[in-house]
Each structure stands twice: as structure tokens, then as C-alpha cells.
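Hi,

Here is the structure for your set-up work. My notes on a sheet and a helix follow below it.

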Amino acid sequence: MNQTNVGLFDLPNEILLIILKKLDNMDVLYSLLDVDNQRLDILAQENTFTNTLNFVLTTLTNDIFTLTPTIINRFCTYILPRIHHNVKSLILDSVSMERILLAADYPNLTELKLFNFNGKIVSYCFTDASPYGRIFQRQITDLILVFEKYFNDISGKNYTTDVYEYILKSFENLKHLSIIGSYIQDIPPLVLCNLPLTTFFSSTLNKLCIRVGSFEDCLALLDGRLKKLTTLIVVINDMEYDSSNVYNTDDLPNLKCFSLTTSFCLTDIYDAQIPRLFRRMSNLEELTLYITIEDRTTFIDGTDIYNEILVHMPRLHLFNFCICTDTKKDLLAHHLSKDDIQQTLSNIKYQQMDCIVNYRYSTAICYVFSLPFMFEILRFIGNTFPTIVFSHVRSLSVKDDVPFKDEFFCRIAWSFPLLEKLCVINIIPQSSISDKQTSNDNQLHSIVKYPYLISLRLLNVHIDYVEQFLNETKTHLPRLTKLTVNYSQLKIVTKKFKRDTTRLNCIQIQELYINETIIQHKKNFYVYFPLFSISSNIRQYRYIESQTPHSPSSHYIINLHSWKLTHQPREPTLHWSSRFRQQQQQQFETEEQEENQSSENWDSWFQQHQSSLLLPFSQHQLYFLDHSRLTSMPKRPRESSSPIHISNKREKYSLFETNLPKRTWINTNYEERLIRSRYYHFNFHIMSYNILAQRLIEDNPSLYDNCLESNLEWHRRKERLLREILKQDADIICLQEMQKDHYKHDFRPKMVDHGYNSIYIKRSGDKSDGCCLFYKTDRLKLIASKTVPFYQKNIQLLDRDNCGLIALFQPITPNATSDDLFCVATTHLLFSPKRGDIKLAQIQYFLAEIDQLSVKDSTLNSYYPIIVCGDFNAQPQSPLSKFLINGHIKYDTYRCIEISGQIPESIVNNRFSFQLPSNELLPSSFVTSDCRFPKEISSNKKDQLIFQTYMNRTSSAILTHNKKFNSVYDLNDLSEVTTCIGNESNLVDYIFYTKKDNDRHRLNLLSRYDLYQQNQLLNLHLPNHQFASDHFLLAAKFALKLKKKKK
């Protein structure tokens, strides 16, 4: 297209469909169908948008909300009657189900998922007299029923005969039935024991997911009443078994997929019944097993799994399992170690496996499980567990006889990123002085974040663990709504409900379970827990506000600011800072204004602006609309009915985002001198880029709340990163935060195809990312390289997992000699703004490694040219940055928090932080104060004298180096930005280079890739559609003066 201005309707249908498919199909139908535009009307009726309709909103806490009445009315009146013949699947809530099903005929509807199900729906809806009974009885083949949260039926209804059996009889063509719930206890079990074979009988059902009362009920399901069953997913409430009952035990040749989940099973039932059941499933292809076996004399290991299960299933190709043996230590015949168990697992070839073995004072527990771990619950692990990510676990309990230290909870947060429920059992204090931490905030440890935790149980714990979780300087719990805790410990830790440091983690609590019937300090208590309902061991307290109808706005003000019973907006009474109150009030007012916009406003706005939304095609990518025009767009009130989530931040930012202007190259004046030079030069292009590890997004989702979820998905980010990197066509590419698996599978193969080779280092410990350096093999020859892990055992300030890379290159050109080498190094320093001492020690050690690889002639103090780039996590005018440029720092004049300059001075002055020591940072026997290794200095008499001088002046606390670095970017221009996270934009990434040594002007800057200014990034949220990282890439072009003169 060569047109300079392209409107929405100038695009062909194929392109419009590509755009629309990136949106939610419900949004497309609601916004485009029946808006007086025939072309959009036809596109919106495509099968892509009409086959499956979802009228339910689900939250991370398993809460279910239907769409607003306004949206439902529009669908039922104008949309469903026009598209009903295309609808094949409906996802409904029991509240809106009747209205939606009566809106049209749905002749092709075969699938139904119904949320908030209960027994009353069966007697009302699933009968012949029901107005939509025909659909249920004759059309539905796939039925998923999700029981309402906290379901408790007191009607005495027999769910086996009155509900489950009735469903099978009423749905004549049913092939798939799943009966599930947010929590397993919400689902009434199917009980078939002692009932005839005709109960819960079906000749069509081939897939069933259900909870049963006992193991006998599982045997009854498999006794022939479901002859066509190929998939059975069963959760067993109780593993009891009565041997007097006889069930059909014929083989099950049709069964291809079987899943069994149960919490506890006695050893004799497991040994006698489970292997016998599996022997009947010789054609099984997929098996899932989650079981805990009690009081066994031996651990279940790989040998047992193979001999009792796998040997009887020759066609099995997928086996997900977690088998736990929980027993008493004195019952065990052998006390096996993890290595012993692991050895037995190595003989099983199906997939990767792991184990956990913990011995406590009187008990022993052993888990053997497949990887990846596919289950939602894990119970009673201790201090020792493997360093892997349990991405499916939602509920976890931890228990041990030795203390849980801070590092343990950091590991829990990393290994269980989506944890929703946590139970801690440990009566041993974290420290030798049990109340040491209840009054002091520990500045030396990072805050542990549990972004999805909604339920926390701390009833059988030492008070240290109550402090650990409620103190916001140690743990961040933004979604905690349910707390079980000892009331006396709670009162002490919160200082009688007056302590500010523990207030934030308590502010969202709605359910509080305590072992006390009398609440003291009631006024402070109610202010501390403004959303609460309290349960004690005798009485149950309910806050009146939670039972009173009210609007979302009054609910919001009351919950945050008032303990009095009122629905009128009022001035907050809590003693919080005025800045916090103002922010909350402004947010509330903004949300209220947005939610008051009606759908009629949306329709009229769209009709008015539909022809002018797209900006000129040449200026922006294909389907990104003008953000300035969208600011006036009325918001459809889709979530206004939610009493919990007042806003969804990501909905505030449209999918259609504007692009930042194209970056340009800024030339220096050296190119003119290059032409007149008597020497040959080698020009090369280098770039540095922190690409943002995907794991860090997943571990810190709150930092990216304002980003569209699609822009955070790795498959999209990967393609955008590669496109941006390859577009530079750089000779040397230095990348930080490169995950090892992404390097191996996504980047390295692609870069090899484009003529690059590479070196890589992963951060030590359990970190998944590291640094990477790619170089063009037809332009550069790698002479030497060094991977530098910063973690050094027994050196106090080198105890973190950061790392760096160093490479020595020779240009591939006829005019280059063996003396025409240059050194490139890249690193990613520690982020923590409070630990400037560690950052300074890391750069001291890294410079020593660079010194060792880049030295040309130690006797002459001569070096090859050096380029150092990466993410230094330091501001341009910080002491750390100035040290690199100036070559010296007297560090004992600074506090740790001041070294990197990441925290504004106005805040630094009000923060406690340790002063850097007046003695050496790193042992001089390891790295000297002039950033070299001692053995290198001892060979040079001049340097030996300098070294001895510094050794005699350790109390002066001076670091020096002799590299004479320049910065590619102007460190005095504080408006330039290399990273934008949340609402903060900073310059923390750099490219430094040595311009001069004994050979003047050996390495010269030709041009640099310009940076964005802070005023260009207002309201920008990265990653977005244009930039796949929260950093911007840095790039520069250099000229290396060669030794050879021109003829």
C-alpha cells in the first residue's frame, strides 16, 4: 500500500479478521454486531466469534461473576437471535442461564458449561416441562457442571439418585459429563455402594469426571454400568473398602485414560486393591495418580511403581503421578535417603521424575513424583525440597522440626509462583532469640512476594512466623483474604492492632479464624481488619457491613477508611499518610466515573468515530489505533457488578497502543578523521540489551499489571525480541536476563542461522537466566573467553548469583595482526538498591577478571581496548557510575543505599542503611583495592609499589582502577532512559569503553543509537506491542585503529 492515509474500511476483510481475532470474541460481538454497518455485521458473524460464547467472568480466587444486565440485555435482544444457528458451546452462570437460553433456539448447541450449579437447577431446568428441556435432552453431548463456591446443601437431597442419575437419564445423548468445583469439598460425592447396577447407568457416556464417596464407589463405576467409558477422572473421598461386597472385576479394554486422586490410603488397602485395579487396565494410554499412603514399613519407590503398575500397562505413554508415603520412623525397615530413592527412579523411562525425603522427630515422609509436577496440592514438605518450579500447585503445607529461615520462604515463593493457600507448621523459633524479629525490620533480606496467596494458616507456629508473614518489610501479601492465627500472637505482632508495618498485609482480610471468643481493643481491631468476618472456636462474628446491600463505591470507601457503619463517603479516619489517602480517593473517583459510562454511550461513540480511528498506515503498525482518540471512548461496564475487584488495571489500557518514534543514529566527528588517518581501521557494531527473563515476569506479575497479557506471553515476546535484535545486524550482541532454555531452544539456533556463534553463562544457584554474547563468525575470531560467576564461597560480599562474560576478539580482515585484539565484557549487577556494598564488590571483582584477560603487557601496564556493557542497576550520577569513569572511590563516605543512586535523595535521607566499612570490601588476598588479582600485580615492580601502598592504607577505604573508561551515552543528561518499569523510567544500562591507553585513540566511537527521553514515556507500560522488554537496547559503532599503516 502506498496510500498515506488508510481508514478502517479501506482494509481488506482478511486483514480486518486478523485484527478482530486478536480481541475477545464477546467484545467483538458486543461492539460490532448490529451497529449499522453491513460489512462489520458480516465479519462479526464468522464462526470464530460465534461458535463458543462465554457469559462468565472468573477471578484468580475462583470467584464467578456474570456479565452486567446491560450486556446480557444487548446480547439477548439484538445479538443471539442473529447468530444462534452458529452457537455450538455456551458457558453460563445459573443466574443468567434462563434468560440466555430463552433468547434463541440454538439448533447446533452441543456443549454446555454451567457455573454455580446446585441441586435446585436439576428439578427446575432439566425436566420435560422446562422451556429449554429439548436442548438438554436431545442436543447436549458435553456437560460440565461447576458447583457453587462453599456449596452446602441442607435439603437432604440424595445427589446420587436425585441429581447425578437423573442427569444421565435426562440427557439422552450425553457423551461427556464433568462435575467439578472450585474446591473439592464443594462437590457432593456420588455414592453407589449397595445400589443396583441400573443406578447411574449409561450406554452413551464415554468420559466422566466426578467425586465419589469411597473406593468401593470407584469399583462400582467400573463394574459394567458405563460400558463405553474410555476416560474416567475420579476423586475418592475415603479409601475404605468392605471386602464383603462383590464387584465385577473383568478387564477394562475400552478404558484409555484413568485418573485417581485421594488424600489418604492405609497400607493394606493400597497393597491389596490398587495394583489389582491397575491390572484390569491393560490398554491404558494415560494414567494420573495422586495418593498418600499411611503407616507403611517401606517407602514407595521406582521399583514398586514399575513392578506394580507399569509392567501391566504396555501401551501407557503418559504417566503423571505423585505418590506420598507418610509413616512413623520406627515402622520403617530401612531409612533410605533421597539418593537411594532417586536411583530406583532412574530405571523408569517414561519421563523425568524426582523425589522428596524428609525425616522429622518421629515421622518420615517420602514423595515420588513425575515432572513437571501437575497437581494442585502438596502437603507437609520441609526445609529440603528440589529447586524446581511447581507451577500447578495452589495449596501447600510446610512442616519441620528445624526452623524455617528467610531463605526458605524465598524458595517457596520462587518454586510455587501461583500459590493460593499456605499452611505453616513449625514451633521452633527462626532465631535463637525468639522475639528478636518482632520489633525490628530486617533490611538485609529482600521482601518475599506471594502475589496470589489468598489463604494463610499459622495456628501451630512460633510467633516468629506470624511476624515473618504479616510484616510488610519481609513479606508482601496483596491478595490475602483469609487468615487462621493464634489471637495472642496476632495481638503481640500487631502491637495491639496499632502497628503500621503489619497493617498492609491485614487490610484485605475478610475471614479471620482465631482461638479466642473475646476481642480486646475492639476499635483498633475493626480498623485493622475493615473487611473482616471473624470465626472463633465457639462463636462466629460477622461484620454487619458485609450483609448490607450497598453500591461498589460506598463499599470501597468503607472498606479502606472506616470502621463505622455508614454508606456515605466520608473522610478517612485511619492515621495513614495524606498522600496515600489522596491516591486512594483519586483512584476511587476515577473508577466511579468510568463505571458510570453506559453501553449506549459506547455504541454512539463507535458509530461516530469508526472511520477516523486508524492513523496513517505509514506511521504505525497495521492494527494499532490512535490512543489519543481512544481516551474519549466510553468504557463498557462489564465488571461493575464485582464486589471484590473494583478495577482491572489491564482493561484501562487499550489493545490499540501508539508507537514511539523511530530511534536514530547520532554520529560523532571521528568519521571525518578516519578518512585522513594513515592507519587502517576496523569498524564494528555492538549492542547491549536486557531482554527481561520470562521467569521474572511470572515471579513479579504486579510489576506488569498495566501491560496487556498478550504482550507478556513468551511466544510473542520471543519473536519481537529476535526481530528487534536481528534488525540491528550488530557484530557483537550482549544480552542480559537470557534464560538458559530460551538460549538453547529459541535464540541460539536462530542466531546460528544468521552467522553468529555465542558464549553463555547462567546465574548460579536456582536462577534460570544469565548473560549471553553472540558474535559474527565471518567478522570476528574469538581468541579467549571467560565466564564469571560472581558467587564466591566464603567471601561475604560475593554471595549473590549475578554473573558476567568476557571475550577477547581479533578482527577478521587482511589488515589485522595478532596484536589487533580488543576485549568485550557484559554483566548484570545486583538489583537491590539497598545493597550498594555488594554491587561495588561485584564490579571490583569483575574488573579484576577483565584486567586479567585484557592485559597486553603487564610490565608496561598496557591493555587491549576494552568495552564493558550491560545492566549495572545504577544511576548515571551515582557513586558507582562515577567510579567507573573517574577510576577511584572513597567508599566509606557512603551508606549502602547511596552507592547505586536508585532511590531518590529525599527518600534516602529518611531511610536507615549501613555505612560502608572503612576496611577492604574484598579480601586483598583475593582481589586488591586497585581491582586486580594479586598474582598479576606482583610481577610488576611499579605496580608492586602501588599495591603495597594500598595494602598499608586499607583503613582509607579506597578503590581504584586504571582503565580510563568513557561512556557511549552522556551521563550528565539525566533525561535519557534505558528502562521503564511500572511508572518509573531510569537510565541503568551502559556501554563503557577505553578510549586511550599507551597507544592513543586506539578505540574510537563513531556513532551511538539514541535513547528516548523521559517526557516521551509518560503512561508507557513495557513490555508492549512495540518493545518486548522493559529495557531499551543500547548500540554503538566503533572504529578500532589497526597497527598496519596504509600504503
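Seven strands form an open sheet with mixed pairing, in the order E26-E44-E46-E27-E28-E30-E29. Strands (E, at least two residues) and helices (H or I, at least four) are DSSP runs, numbered from the N terminus. Two strands pair if DSSP finds at least two bridges between them. E26 (665–667) and E29 (756–762) stand at the edges with a single partner strand each, so one side of each has no neighbour in the sheet. From one strand to the next, the twist averages 25°.

E28 (732–739) and E30 (769–776) run antiparallel and are joined by seven bridges. Ile732 has Tyr775 as its bridge partner in E30.

Two helices pack on this sheet. Contact means heavy atoms within 4.5 Å. Helix H25 (714–728) touches E26, E27, E28, E29, E44 and E46, and its direction makes about 165° with that of E27. Helix H26 (740–753) touches E28, E29 and E30, at about 155° to the direction of E28. Axes are lines fitted to C-alpha atoms, for helices over the stretch in contact; angles run from 0 to 180 degrees between N-to-C directions.

Now helix H14 (406–415). Seven of its ten residues are buried, so H14 is largely enclosed by the rest of the structure. Buried means under 20% relative accessible area (1.4 Å probe, protein chains only). Among the buried residues are Phe408, Phe409 and Trp414. Their cover includes strand E16 and helix H24.

The model is predicted: local features need pLDDT of at least 70, side-chain atom pairs count only at pLDDT 80 or more, and totals for chains, interfaces and linings use all residues. Residues are numbered from 1 along each chain as its sequence is written, and side-chain values use heavy atoms, without hydrogens and water.

Best wishes

Methods. Buried means under 20% relative accessible area, exposed over 50%, partly exposed in between (1.4 Å probe, protein chains only).
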